[in-house]
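Subject: Structure handover

Hello,

Here is the structure I promised to pass on. Please open it alongside this note; my findings follow below it.

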Amino acid sequence: MSTDDFRESGLTFPEGFTFGTATASYQIEGAAAEDGRKPSIWDTFSHTPGKVANGDTGDVAVDFYHHVDEDLDLIKSLGIQAYRLSIAWPRVVPDGVGAVNEKGLDFYEKVIDGLIARDIQPVVTLYHWDLPQVLEDRGGWTNRETSYAFAQFAKAVGERLGDRVAVWTTLNEPWCAAYLGYANGHHAPGRQEELASLQAVHHLNLAHGLALIELRKVVTKPDVKYSVTNNLASVYAADPSNPEDVDAKRQIEALRNRAFTDPQLRGVLPADLVEDTKHITDWSFVLDGDLELIHQPIDLVGINYYNTDLVARGAEHSTQGSPFPGATRVDFLEQPGPFTAMGWNIEPKGLFDLLVSTHELYPEYDLVITENGAAYDDVVTTDADGNRAVHDPERIDFLRRHFVAAHRAIEAGVPLVGYFVWSLMDNFEWAFGYEKRFGIVHVDYDTQVRTKKDSALWYTKLAETGVIPE
């Protein structure tokens, strides 16, 4: 199966398949200091000179906080069935622990009720990286107490919204929070400590399990589903016939994928991960009973997919291109294009392979693609009547090919039940600020005017018919 095989149209998804779109709180909300919200690690990081492109911050972002009704109407107009949003921890529990900010919960209640009124399924992520800064000051995810604080935050949200939210997702991409935040410092809080990043891996996993325990105490919706989202990768060996390259592949799969999925879905810590990282830690911060706490029953496994990794065994002490702690003698190799504006390779076969391999490893779980999309350098055009448009054929081609890959995975027996396009609209793209645009809706950051791109119109056809359009 080659990349060129993924351009079919006319394929029909099964009845009941969910077509959605997604955003994250810090990337869209703005209102960073309104109604009791206090700083998160991303407020601090983005206000630190040199950390984010152009000195951009999420202070305003796309001002979703003040455009809720307009943006929910926009989602409705796309014809999609579900919207994945995240809850800002520092808006709900501003000090990380303790008093709950009712105004923060009022805001999210308005969003959830607005979605339901428009017949859109609310899918809520509890952690999309905006840790309260006060908790980072106490050690952040290196501190075990942060996991318990997260569970209490989850309980507070569940108590208010647990009769309405359709799907609860505990964590989004914990490897980004752990490795980019604590190992290579490219994300908040910007630390570069290998031991800290592995402590963060465990405490994020622990937070996942503890949050599920608390949610189940307070959620009352009878048909609710629970999930977690990891950005798993299809990792390929540069030379599949070379045992050294194959072992490099295994090493990265352990760090990137199984460090999270094995504790979450199997209740075990991968033995090869422990062996690979023994020069950093003995993992003594994993206490008796922790893996049982982490391994809580869930209904869906979320997968975020953008590109693939190609690795080879490198020279002694080589860490070329690696954000991972302990990934010595592993080189991440440049891959053939084409590429998105992020410089990421476009490989829909990687999505197919990832869905199939995840199902093989964890066959009892339904899968959902919780993020997939692409950044391109979009241009707004205006006709003689003042009508705005964004023609983005590259994004349409990207989406079509990845939806074809998803469809083929279903044909191969993968229980894939939904697909959320990233992102609903252009927004604050973390360390890239406002330079990279992933949205299927364009946002003019000066005026906050929203314009549907051609990809949004294409996606509406797919969502309304279940058939991949031309």
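Where does Ser423 lie? Ser423 is in the loop between β13 and β14. Bear in mind that this is a predicted model.

Start with the backbone. The peptide bond from Trp422 to Ser423 is cis, and its omega is near 5 degrees. Asn427 sits in the loop between β13 (416–422) and β14 (441–443). Its relative accessible area is 2%. The cut-off for buried is under 20%, so Asn427 counts as buried.

Two polar features of the Asn427 side chain deserve a look. A polar contact of 3.2 Å links it to the side chain of Ser423. The side chain of Asn427 also reaches the backbone oxygen of Met425, at 2.9 Å. Leaving out residues up to four places away in sequence, Asn427 touches Gln27, Ile28, Val62, Trp422, Gly433, Tyr434, Lys436 and Tyr445.

**Other backbone points**

There is another cis peptide bond, from Ala188 to Pro189, with omega near 5 degrees. Pro189 belongs to the loop between α8 and α9.

Two residues other than glycine have positive phi. For Asn54, phi is near 65 degrees. Asn54 is in the loop between α2 (41–46) and α3 (68–77). Its relative accessible area is 59%, so Asn54 is exposed. For Trp283, phi is near 60 degrees. Trp283 lies in the loop between α11 (271–276) and α12 (290–294). Here the relative accessible area is 4%, so Trp283 is buried.

**Helix α8**

How many of the 9 residues of α8 are buried? The count is 9 of 9 for this helix, which spans residues 174–182. They are Pro174, Trp175, Cys176, Ala177, Ala178, Tyr179, Leu180, Gly181 and Tyr182.

Take the α9 partner in detail. The axes of α8 and α9 are 8 Å apart, at an angle of about 160 degrees. Angles over 145 degrees count as roughly antiparallel, so α8 is roughly antiparallel to α9. Their crossing is right-handed. From α8, the contact uses Pro174, Ala177, Ala178, Tyr179 and Tyr182. They meet Ala196, Ser197, Leu198, Ala200, Val201 and Leu204 of α9. By class, the residues of this contact are 10 nonpolar, 1 polar and no charged.

**Helix α7 and its neighbours**

Helix α9 (residues 194–218) also packs with α7 (residues 144–161). The angle is about 30 degrees, with the axes 8 Å apart. That makes α7 roughly parallel to α9. The crossing of this pair is right-handed. On the α7 side, the contact is made by Arg144, Ser147, Tyr148, Phe150, Ala151, Gln152, Ala154, Lys155, Gly158 and Glu159. On the α9 side, it is made by His202, His203, Leu206, Ala207, Leu210, Ala211, Glu214, Leu215 and Val218. These residues divide into 10 nonpolar, 5 polar and 4 charged.

How does α5 sit relative to α7, parallel or oblique? The axes of α5 (residues 102–117) and α7 come within 10 Å and cross at roughly 50 degrees. That makes α5 oblique to α7. The crossing is right-handed. Glu102, Leu105, Asp106, Tyr108, Glu109 and Ile112 of α5 meet Ala156, Val157, Arg160 and Leu161 of α7. This contact has 6 nonpolar, no polar and 4 charged residues.

One more residue in α7 is Glu145. Is Glu145 buried or exposed? Its relative accessibility is 52%, so Glu145 counts as exposed. The C-alpha atoms of Glu145 and Ala312 are separated by 38 Å, and the two residues are 167 places apart along the chain.

**Where to look**

For a quick tour, begin at the cis bond from Trp422 to Ser423. Move on to Asn427, buried at 2%. Then follow α8 to its right-handed crossing with α9. Finish at α7, roughly parallel to α9.

Best wishes

Terms used. Residues are numbered from 1 along each chain as its sequence is written. This is a predicted model: local features need pLDDT of at least 70, side-chain atom pairs count only at pLDDT 80 or more; totals for chains, interfaces and linings use all residues. Side-chain values use heavy atoms; hydrogens and water are left out. Axes are lines fitted to C-alpha atoms, for helices over the stretch in contact, and angles run from 0 to 180 degrees between N-to-C directions. Helices (H or I, at least four residues) and strands (E, at least two) are DSSP runs, numbered from the N terminus. Angles under 35 degrees count as roughly parallel, over 145 as roughly antiparallel, 65 to 115 as roughly perpendicular and the rest as oblique. A crossing is left-handed if the near helix is turned anticlockwise from the far one by less than a right angle, and right-handed if clockwise. Contact means heavy atoms within 4.5 Å. Ala, Val, Leu, Ile, Met, Phe, Trp, Tyr, Cys and Pro count as nonpolar, Asp, Glu, Lys and Arg as charged, and the others, Gly among them, as polar. Buried means under 20% relative accessible area, exposed over 50%, partly exposed in between (1.4 Å probe, protein chains only). A polar contact is a pair of N or O atoms within 3.5 Å; within protein, one must be able to donate a hydrogen and the other to accept it, and residues adjacent in sequence count only if both atoms are side-chain atoms.
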